[in-house]
Amino acid sequence: MEHIQSAIRAYFDARQEELIQAVCRLVRIDSTLGPAAPGQPFGPGPAAALDELVALATEWGLTAQNLEGYVGAVDLNDRETELHILGHLDVVDPGEGWTVTSAFEPKLVDGLLYGRGTDDDKGPVLAALMAMRAVKDLGFSLKKNVRLIAGTDEETGFRDIHWYYDRHPYAPHTISPDADFPIINIEKGHYQPTFRAAWPQEAALPRVSSFTGGPRLNMVPPKAQATVLGLTAEQVNAAIAALGMEAAISYTVAPAEGGVRIQASGQNAHGSTPEEGHNAQTALLTLLAALPLADCPSTQAIQNLVRLFPHGDHIGQALGVAQSDDLSGSLSLAFTMLTLTDTGCEGRFDSRTPLCGTDATVRLPAEAALQATGFTVEGEIDPPHHVPATDPFLQTLARAYELYSGRESHCIAIGGGTYVHGIPGGVAFGASMPGFVSNLHGPDERVNVADLLTAAMIYTQVILDVCGE
């Protein structure tokens, strides 16, 4: 074992710059969701990133193929597949507030590589790809195959991975390098319903005639806008001053025909960790509810939304769904999407439910609270994913992690969902080390290059342990 470990360490010690350049090649591609086209089901950006990954894998002597624009598949040999490694090449919107570099111009500073996707999930995908290359280059003998599956729709619905597994079987073992080390054996469930209300064309003044909130279900909105008719900028600014909102929230007020246009600015964050952001959507609703608006359906809807989703409530207390358990922790909730017009509104929230979360404790109370204020509700709970910590595969992962990281392994629960959610026995495994703040989904997203190399060593050992002779 010692000579194998030494060979793996020496291999990656000599390839830091090569890994950095490979990650940069992918990060320079804006792979956010775009309009579908033939061979590009999620737009030109994800398709370009997929083509680049296939090119890289081919350059490294691996067998790679583009599967109809949905995923890339990279194989180490032509034997029966024992291990799937699932990562993704699509990214969230760049957002604002970048200080070190722009989102798609990767930059290395003090051992940290900055850029959108460096951590989520292009860097980890390439760590896994280089692990496969290491097994090949070092001449290790395998009795089974490992397949890297690189998706292009993880951030916007998992349609890519669903497409793949509708056509291909699960592997006996699956990991996803799309989270943190050590081993994530619990991914909370998801309750992300759509709720609506409709009313006749409004004419009352003052009123909110339009509202636009967040663009992504799984992202705390950094911006929100509303048009208010029948009020002046002076009246709105007075209400802003009276609110005393936290410093991270700012408002701008500009004249508009018949009234004013208001924009709220906050800080985006992943939907599973709403406490790490500052929700511009709920901040703007709070302001609107404080204005002297006419008693009309739109005003009533806004006031009801503020009561159900008050700014700063990250656990669903006001909605009546707050709960927790010892294994998976607390429910989290982020009110992330809302549109409102003169004839109705539609919204969604992103809640991550613990193992104790069920229809009886989450869905039914949420539906009742929304319906009591005039909203219709659609949506079901996606159950939590749980692999027991005693599973032998998890013990194999733990040994590899401890061998190369020098840290003690343990199992953890997260609110985020990865590709392994619902895949039998699948777990998220790396690539960030404990305690590292990557700013994923936020400005100045970054990866620690030394940690990424360590992750590649860990994945190399896992491939040998699971697929080796």
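Gly 87, leaving aside its neighbours within four places in sequence, is in contact with Asp 121, Val 125, Ile 149, Ala 150, Gly 151 and Tyr 419, where contact means heavy atoms within 4.5 Å. The model is a predicted one, in which local features need pLDDT of at least 70 and side-chain atom pairs count only at pLDDT 80 or more, while totals for chains, interfaces and linings use all residues. Residues are numbered from 1 along each chain as its sequence is written, and side-chain values use heavy atoms, with hydrogens and water left out.

- Gly 87 lies in strand 3, which covers residues 81-88; helices (H or I, at least four residues) and strands (E, at least two) are DSSP runs, numbered from the N terminus.
- Gly 87 counts as buried because its relative accessibility is 0%; buried means under 20% relative accessible area, exposed means over 50%, and partly exposed lies in between, with a 1.4 Å probe and protein chains only.
- Although Gly 87 and Ser 176 are 89 residues apart along the chain, their C-alpha atoms are separated by 5.9 Å.

**Helix 10 with helix 11**

- Helix 10 (residues 392-405) and helix 11 (residues 449-467) pack with their axes 9 Å apart and at an angle of about 140°, the axes being lines fitted to C-alpha atoms, for helices over the stretch in contact, and the angles running from 0 to 180 degrees between N-to-C directions.
- That angle makes helix 10 oblique to helix 11, since angles under 35 degrees count as roughly parallel, over 145 as roughly antiparallel, 65 to 115 as roughly perpendicular and the rest as oblique.
- The residues that make this contact include Phe 393, Leu 397 and Tyr 401 of helix 10, together with Met 457, Ile 458 and Asp 465 of helix 11.
- The residues of the contact of helix 10 with helix 11 divide into 10 nonpolar, four polar and one charged, where Ala, Val, Leu, Ile, Met, Phe, Trp, Tyr, Cys and Pro count as nonpolar, Asp, Glu, Lys and Arg as charged, and the others, Gly among them, as polar.

**Helix 6 with helix 7**

- The axes of helix 6 (residues 233-243) and helix 7 (residues 280-290) come within 10 Å and cross at roughly 115°, and the two helices are therefore roughly perpendicular to each other.
- In this pair, Val 236, Ala 239, Ile 240 and Leu 243 of helix 6 meet Thr 286, Leu 287 and Ala 290 of helix 7.
- The residues of the contact of helix 6 with helix 7 divide into six nonpolar, one polar and no charged.

**Cysteines**

- The structure holds zero disulfides, a disulfide being a pair of cysteine sulfur atoms within 2.5 Å.
- Cys 411 is in no disulfide, and the nearest cysteine sulfur, that of Cys 356, is 19 Å away.
- Cys 411 counts as partly exposed at 28% relative accessibility, whereas Cys 24 is buried, with a relative accessible area of 5%.

**Two loop residues**

- Gly 422 is found in the loop between strand 23 (411-414) and strand 24 (427-428), and, leaving aside its neighbours within four places in sequence, Gly 422 is in contact with Tyr 170 and His 385.
- Ala 318 is found in the loop between helix 8 (297-308) and strand 16 (324-325), and at 34% relative accessibility Ala 318 counts as partly exposed.
- Ala 318 and Gly 422 are 104 residues apart in sequence and 30 Å apart in space, C-alpha to C-alpha.
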